[in-house]
Amino acid sequence: MGQALQRAAQWTSAKDGCGGKLEFTPINEDLLNSILKFVETVGKSPEESQLVFKNPLRWHTSLNPSQFQGAGFTDSGDDVVSDKKSPKDDQPLFLMHKLAKDTYEISVQTLGYGEQVLRAAGDKKIVELRSCLEANRDPVVFLLGERFATVETDDNSIFRYIEEITKEIEQNAKQSADGSNSAEIEEKKIVLRLRLKLLRLDEQLMNLSIQKMSSEVRLSPPTVDGEVSILQQLSGDDEERCVVEYIDYYGETFVSKNGCRAQPWRQLHGDICYLCVRVHDNDNPLYITANTSGYYLNNGPVNDKANHLDYGRPDSNTYRDLVSLLKSKSAKFSELIDKQEFALKVEQNDKKKIEMSENRDHEESEQKHSNEHHTRNEKDQQMEKDKNQKNRTQNKKKLEPSLKWKALDIEENILQKEQDTSVTKTEKKSKTVQRLKSKTPIDAEDSFSESDTESEEEEEAVERRAEANADLPSEYWQIQKLVKYLKGGNQTATIIALCSLRDFNLALETCQLAIRDVGGLEVLINLLDTEEVKCKIGALKILREISCNSQIRRAIADLGGLQTMVKILRDSNKELKCLAAETIANVAKFRRARRTVRQHGGIKRLVSLLDCAQIRNNKPDSALVTTDKPDTEKDVEVARCGALALWSCSKSKKNKEAMRKAGSIPLLAKLLKSTNEDMLIPVVGTLQECASEPSYRLAIRTEGMIEDLVQNLKSSNQELQMHCASAIFKCAEEKETRDLVRKFGGLDPLVTLLSNVENKELLAAATGAIWKCAISPENVQRFEELKAIDQLVTLLNNQPEEVLVNVVGALGELAKAPPNRMQIRKSGGIPYLVNLLTGTNQALLVNVTRAVGKCAEEPDNMIIIDKLDGVRLLWSLLKNQNTDVQASAAWAICPCIENAKDAGEMVRSFVGGLELIVSLLKSDDKEVLASVCAAIANIAKDEENLAVITDHGVVPMLAKLTNTTDDKLRRHLAEAIARCCNWGNNRTAFGREGAVAPLVKYLKSSDENVHRSTARALYQLSKNPENCITMHEAGVVQPLMKMVGSPDEDLQEAAAGCIGNIRRLALANERAKYA
Amino acid sequence: MATSQRKSQEQFIQNLTKKSKNGTCLPCRFSPPEIASLLNMFQQLCGSNSKLDRSSFRDVLMTRFKITDDFIMDRVFRAFDTDNDGYLKAEEWICGLSIFLKGRMEDRIRYCFCVYDLNGDGYISREEMFHMLKRCLVKQSTEEDPDEGVKELVEIVLKKLDIDHDGKCSVKDFRTAVESDSLLLESLGQCLPCDTLLEDFMQLIHGKLTTKNF
């Protein structure tokens, strides 16, 4: 123990002349605990505990004599002594000597008594042991004598001691009679044993402290800088990809020569620098000290003094590296860092996918509108131009929200309106877009591409109070007075004030802001924390009303109101629960609030509210009346409010996940059976919001909710119908769901909804549902019977884009069936469709091109399309930046070329068209490549065009693509190669460009279509002898032989032709050899 | 328990339920076993007397129902003590508690009105309101007239309660006001215990809770 105490234990530097003290560090704690354990075990063993020390251990104790009363101890004056005396000098083995009043000194001569002292000390054991060790720096000397003192050099005292003992034993054996001598030897043996035990303890202690110390590798400025800079690269607002929101050095930016950033006087304490880290799940930043001993938290900046840190530590935890500190402080951080999927900041580029009308970014499309509008109206009047100018600047501001912009709220609103009207002049549609946007309670935009748009919604929360001060309305003063009573009254006064506050029209913004401005929000939120149910109810009733205002919402969230309301959700009072849930529903309209609700466990509680309706029906004291509503009715109300809150919360992806985990799905399914519209709307609203997640779609199908959704389509409430339709819209991505919709007769009401021309939201949802349902051929048939096409075609005119996208999508799907193509023509849809090709909405363009393409498969339709110059429009869409539009346009071009009369001539007439399409072969998008290959295959049917595209270098470009593994691309690529072989020396060129060998590999694909086109390509290529050799070397014969036996005649023929060519070459070779 | 005692208890319960049905006393909505349990409690409270005096009742209000305001406690006692003899009889005790524990909205409206109507003339006047509310506000020494705040408060509450605008609040006014906003029930002072305490008390009656103070 001596070595460990001297080396490992951390002593404070000697002060005041009396030896050092043991520092209060974890290492010392551990050492003391081990020693304590040792004393307690050895002190109980009979022999060692009785061994009398060479010198007594003395120390100042915090104990007093009263703790040593009873058997074995006697009082002698001020002292307490033990009955047992030392055999050597007749001193008592235990002595407690009074030095002064309340200060005693203990001296102990055996371990047994030592153990007793510790026992008497109880939970102050450690203190006692500490002072003992502090007084006796080398206790072994006292215990066993000077000879065992801890020395710096090799310690061989023990060997000498063993020799001594053995010698004495030998001597003893010689003069065996002497009894006293043997007792001495016996004692020495005990000493030896104790010494060995102590040595073992010493070893243990050393090991322990080495372990401890090795964990405290010292930090250096470069390592700190390294860690910080890595984390900086991984920081950002994106909750998915960035591990921390923000990390930087705190304080002065001066860097000392030694790399430290801390002030010189702090460097003396070992501080390297200070960090400020903001993690995702904590709004308060963490302030961290990087010390040479490790990272630890400090108390952060001192109030109202810039760059002044409180260097104290809130806890004593020190971490070896920054990551482990953050891991322990932030659950979110550790989750993210474990995922390891985060990308470096530099690489972040947001690719926006545009597939359906839903993921369209309103903001962007609006801007497009106005931009286009600028170009078109350039020649218009000066006034118009001015407006455009305003619009433009305003749009720019939208892109980079700044403080200045924030102050412009009212002005902006006016501008917005102006923009609306100006746009309406040129494009009537976009007005409805605007209206739709502002009216829809749930903006569809954040359900899909949430990370992009969510942050933007409601960011317009604006501070404006100062300028309004001039003439405050009378309500302001009245409200101020009432709030005064709220603050300074007891429960009764509070209730009166709350009741009369509600007499104001709380829907008015002036009143809402007045409550906030006079500090009423704080009071109301504080009231929620009290025990008074009535006050809470009154406060919540007001909060529920005023939280319709987005500024109030933010203020409530800032004041921590959400946390309290989440707590209230667990209250037993149902009215309270309802109100809290409804208020949460209002407040959780922006992202941060939703996150707060989730992080405080609100989702789980809200989900459990949904359960109310079933469980508590037969509660015994239901007669406890506050209002006279029956209990079940109240339960239903609770569930409704819960659904309402979940609806708001379900706009965040993580909340959807949390809801699913909390078991919301079966509960929603149960509530969906309700007949109450007030209940159904939030429930269906939540479902349709969540249906963007595949897991929910599956659950909606398997829990049998489709039937209920279909049932509610027939409701008379348009809002409900709208949510049902849009839930079906989202769910019908899956085939099974589409079948279910048909099975439950959902297609009929969907078509009926088309007659609701006025309600655009409903129309958009219904057409969307039809679109998705029409993906199944069986459904198409039913739609045919219901004459959906005619109705859809009428909707092609004069509708907002939301509706148009879905209508056109539906027509595109329906046009897969040949009779429907005819029907579209008959009802006059084709001119509309072609006209829409001039639009700018990319989602719309994708659908329109698809629909036009499908229609073009009918030669009669093609005539009309050709007449309207539709192919040229399609062709020009190849220039669109969006790859989806490009691909869709290229696919649509294929049937056009196939079915147009004089297709070759038509294609040639497009100036630069062929060059354009060939250049698209450089695209990175597989779908674009496949579609362009298909188009080229069709173009190449015309020899002249083939010549032109050959000149544009189509052959090497196609050859370069041959290494692909994508079956769709392979199929069309092989087709294109087959067709392109028919010109000049293209066959040789393909061979030269190395296209042949990869093609042979295609034969191993599992796709029959790939085989067919590949065989065709190989057949064409095999007309060149060089290619035959390459093919043969690549082992083409074997798979082709198999394909000769295929049931597909095309494939058969091509394969056989190819083998024939190879064979002919071989024969010719042989002939040449023998000739 | 002696049989005679049990019999008299049964007799009492029967009488009480009959009376409450006739409307000759305040409505009692307890079930017979609950009444029995309350009777036992009552006997424990009053010891040898068969009546409960004001101070022991105030103890119950304080410890069980946390109604601590002196003035309100007095008023509650008066509302319970329907025959105005300064003592609570078993019947009064049970019927009063019935309002606390099982009272319908109508019962409670009557009871609260009775508490607030200090002179018992069927109207709550401005003066009565002032009397009820004068301890509501934290006195601010800076104000010139300390009562001004209370006066304002009275006006506010009168505006809410005085439906027919005659300057005072009748039972009818009170009922209409409370029906439109249930929070107004205790708008002149808390005279009903809160729900959690009531639930505890119900459990006490049902013997599910240990009787510590009784």
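Me: In what order do the four strands of the open sheet in chain A stand, and in which sense do they pair?

Reply: The model is predicted. In chain A the order is E6-E7-E8-E9, and the pairing is antiparallel.

Me: What makes E6 and E9 of chain A the edge strands?

Reply: Strand E6 (246-250) and strand E9 (294-297) of chain A each pair on one side only. On average, neighbouring strands of this sheet are turned by 30° against each other, with direction ignored.

Me: How do you know that E6(A) and strand E7 of chain A count as paired?

Reply: Two strands count as paired if there are at least two bridges between them. E6(A) and strand E7 (residues 271-278) of chain A have five bridges, in the antiparallel sense, so they pass that cut-off. Within this sheet, A:Tyr250 stands opposite A:Tyr274 in E7(A).

Me: How many bridges link E8(A) and E9(A), and what joins the two strands?

Reply: There are four bridges between E8(A) and E9(A), again antiparallel, so by the cut-off of at least two these strands also pair. A hairpin leads from E8(A) to E9(A) through two residues. A:Asn291 stands opposite A:Gly294 in E9(A).

Me: Which helix lies across E6, E7 and E8 of chain A?

Reply: Helix H9 (residues 221-233) of chain A does, running at about 15° to E7(A); the strand E8 that H9 lies across covers 286-291.

Me: Where is A:Asn298, and which residues is A:Asn298 in contact with?

Reply: A:Asn298 sits in the loop between E9 and helix H11 (322-329) of chain A. Apart from neighbours within four places in sequence, the contacts of A:Asn298 include A:Tyr274, A:Tyr287, A:Leu309 and A:Arg313. A:Tyr287 is 11 residues away along the chain, and the C-alpha atoms of A:Asn298 and A:Tyr287 are separated by 5.7 Å.

Me: Which strands make up the open sheet of five strands in chain A?

Reply: The order is E1-E5-E4-E3-E2 in chain A, with antiparallel pairing.

Me: Why are strands E1 and E2 of chain A said to stand at the edges?

Reply: Strand E1 (52-61) and strand E2 (73-76) of chain A each have a single partner strand, so one side of each has no neighbour in the sheet. From one strand to the next, the twist averages 20°.

Me: How do you know that strands E3 and E4 of chain A count as paired?

Reply: Strand E3 (residues 79-82) and strand E4 (residues 94-100) of chain A have two bridges in the antiparallel sense. The cut-off is at least two, so E3 and E4 of chain A meet it. A:Val81 stands opposite A:Leu95 in E4(A). Helix H4 (residues 111-121) of chain A lies across E3, E4 and strand E5 (103-110), and runs at about 140° to E5(A).

Me: How many helices and strands does chain A have, and what share of its residues is buried?

Reply: Chain A has 61 helices and nine strands. Of its 1075 residues, 43% are buried.

Me: Where does UniProt place the feature "repeat: ARM" in chain A?

Reply: The unreviewed UniProt entry lists several spans of chain A, including 994-1027 and 1035-1062. Residues 994-1027 of chain A are 71% helix and 0% strand, with the end C-alpha atoms 9 Å apart. For residues 1035-1062 of chain A the figures are 79% helix, 0% strand and 12 Å.

Me: What is chain B built from, and where does UniProt list "domain: EF-hand"?

Reply: Chain B has 10 helices and four strands, and 35% of its 214 residues are buried. The unreviewed UniProt entry lists the domain at residues 68-103 and 104-139 of chain B. Residues 68-103 of chain B are 67% helix and 6% strand, and their end C-alpha atoms lie 21 Å apart.

Definitions and conventions:
Residues numbered from 1 in each chain as written. Chains lettered and ligands numbered in written order. Predicted model: local features only at pLDDT ≥ 70, side-chain atom pairs only at ≥ 80, totals over all residues. Axes fitted to C-alpha atoms, helices over the stretch in contact; angles between N-to-C directions. Contact = placed C-beta atoms within 7 Å. UniProt positions renumbered as here; feature names shortened; annotations may be inferred. Buried ≥ 20, exposed ≤ 12 C-beta atoms within 10 Å, placed from the backbone.
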